Amino acid sequence: QWGLLATSIIPKKVDNFYVYTDLTRKSKEQESSINARQMLLFWGPLMAFEGGKMSRLFHTFASDINERAYLSLVEVVHPFYVRYIILAALGERSINNSKTNGFILELLKTVSYEDEATAFAHALWEEYDFTAAGALLPKLEKMIESDFFLASGKDKIMREARRTILDGYLRTHKRTHLEALGKLVGTAAVEAEAIVVDLMRFSTVSAKIDTVTMEVTVVPSAVDVHQKILDDLKVAHRQQVFAANN
């Protein structure tokens with residue numbers, strides 16, 4: 001209940017909190033800096049998920065990748081903190097991209113910690129197994145509900161998790177059905193349709209939906225050369241993983 005106590009006595013001045021974070025990163029006093037970083041690791045999730053600043057929490061670590069001051073504490077002292085980094089990236093659409101995913105996968109290689117969030121990250125961003133990622137959603141949601149820091153951001157995180165799964169799935173399938181998409185992410189067909197429409201609206205996927213047959217047809221669209229190379233590499237890796245498991 002310490003987290004509940006903290007929220008009752010600490011003002012939620014999120015911007016001030018991250019100003020202090022930046023000062024701590026630049027601190028020249030090694031011992032006091034380490035102590036301050038430890039404190040930030042404990043209170044960061046509270047400020048990020050309660051204050052809607054998930055991207056700030058992620059960038060606190062991603063921008064520290066060269067100095068590794070925060071990351072070394074995660075690896076050695078607080079490996080469970082990987083959970084918050086993963087879900088901060090997943091829940092914030094503006095940073096949910098291939099560069100972010102690559103950073104998380106590299107982090108997972110150095111941290112000995114596993115839970116529903118790390119399993120989801122592996123399935124979605126390393127194995128490209130969208131079925132496995134979808135099957136993990138109920139466990140992921142239950143974990144979020146039971147975590148004091150994450151509970152307030154559950155709806156946003158789960159919404160973005162389903163959106164990310166369907167985005168990846170549609171990029172690798174030319175034709176599918178709304179009921180199949182709903183089953184994949186544990187929703188009704190009408191909710192899956194809303195997600196697909198959202199993906200189309202933000203131009204991440206080009207598709208046509210037949211309102212009679214409920215079929216979804218992905219329409220090829222022009223992409224830049226660099227993105228095509230990245231996508232081809234992902235497909236090749238996914239095929240290697242599939243061959244190795246069969």
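This is a predicted model: local features need pLDDT of at least 70, side-chain atom pairs count only at pLDDT 80 or more; totals for chains, interfaces and linings use all residues.
Student: Which residues of helix α8 are buried?

Tutor: Begin with the general idea. An α-helix has 3.6 residues a turn, so residues three or four places apart point the same way. Now the case here. Helix α8 covers residues 116-126, and its buried residues are Ala-117, Thr-118, Phe-120, Ala-121, Ala-123, Leu-124 and Trp-125.

Student: What covers the buried residues of α8?

Tutor: The cover includes α6 (82-91) and α7 (98-110). It also includes α9 (130-135), α10 (137-146) and α11 (154-171).

Student: What is found at the N-terminal end of α8, and what just after the helix?

Tutor: Asp-115 caps the N-terminal end, with a side-chain oxygen 2.9 Å from the backbone nitrogen of Ala-117. Just after α8 comes Tyr-128, which has a positive phi of about 55 degrees.

Student: How are two packed helices described?

Tutor: By the angle between their axes and the distance between the axes. Take α6 and α8: their axes come within 9 Å and cross at roughly 50 degrees.

Student: Why are α6 and α8 called oblique to each other?

Tutor: Angles under 35 degrees count as roughly parallel, and 65 to 115 as roughly perpendicular. The axes of α6 and α8 cross at roughly 50 degrees, and the two helices are therefore oblique to each other.

Student: Is the crossing of α6 and α8 left-handed or right-handed?

Tutor: Left-handed. On the α6 side, the contact is made by Val-82, Arg-83, Ile-86, Leu-87 and Leu-90. The α8 side supplies Ala-117, Thr-118, Phe-120, Ala-121 and Trp-125. Sorted by class, this contact has 8 nonpolar, 1 polar and 1 charged residues.

Student: Why does Asn-101 count as buried?

Tutor: The cut-off for buried is under 20% relative accessible area. Asn-101, in helix α7, has 11% relative accessibility and so counts as buried. Leaving out residues up to four places away in sequence, Asn-101 touches Asn-96 and Trp-125. Trp-125 is one of the buried residues of α8.

Student: What does Phe-49 touch?

Tutor: Phe-49 lies in helix α3 (residues 30-51) and is buried, because its relative accessible area is 4%. With residues up to four places away in sequence not counted, Phe-49 touches Met-54, Leu-57, Tyr-84, Leu-87, Ala-88, Phe-149, Leu-150, Ser-152 and Ile-157. Leu-87 is also among the α6 residues in the contact with α8.

Student: How many residues apart in sequence are Phe-49 and Lys-154?

Tutor: They are 105 residues apart in sequence, and 9.3 Å apart in space, C-alpha to C-alpha.

Definitions and conventions:
Residues are numbered from 1 along each chain as its sequence is written. Side-chain values use heavy atoms; hydrogens and water are left out. Buried means under 20% relative accessible area, exposed over 50%, partly exposed in between (1.4 Å probe, protein chains only). Helices (H or I, at least four residues) and strands (E, at least two) are DSSP runs, numbered from the N terminus. Contact means heavy atoms within 4.5 Å. A polar contact is a pair of N or O atoms within 3.5 Å; within protein, one must be able to donate a hydrogen and the other to accept it, and residues adjacent in sequence count only if both atoms are side-chain atoms. Axes are lines fitted to C-alpha atoms, for helices over the stretch in contact, and angles run from 0 to 180 degrees between N-to-C directions. Angles under 35 degrees count as roughly parallel, over 145 as roughly antiparallel, 65 to 115 as roughly perpendicular and the rest as oblique. A crossing is left-handed if the near helix is turned anticlockwise from the far one by less than a right angle, and right-handed if clockwise. Ala, Val, Leu, Ile, Met, Phe, Trp, Tyr, Cys and Pro count as nonpolar, Asp, Glu, Lys and Arg as charged, and the others, Gly among them, as polar.
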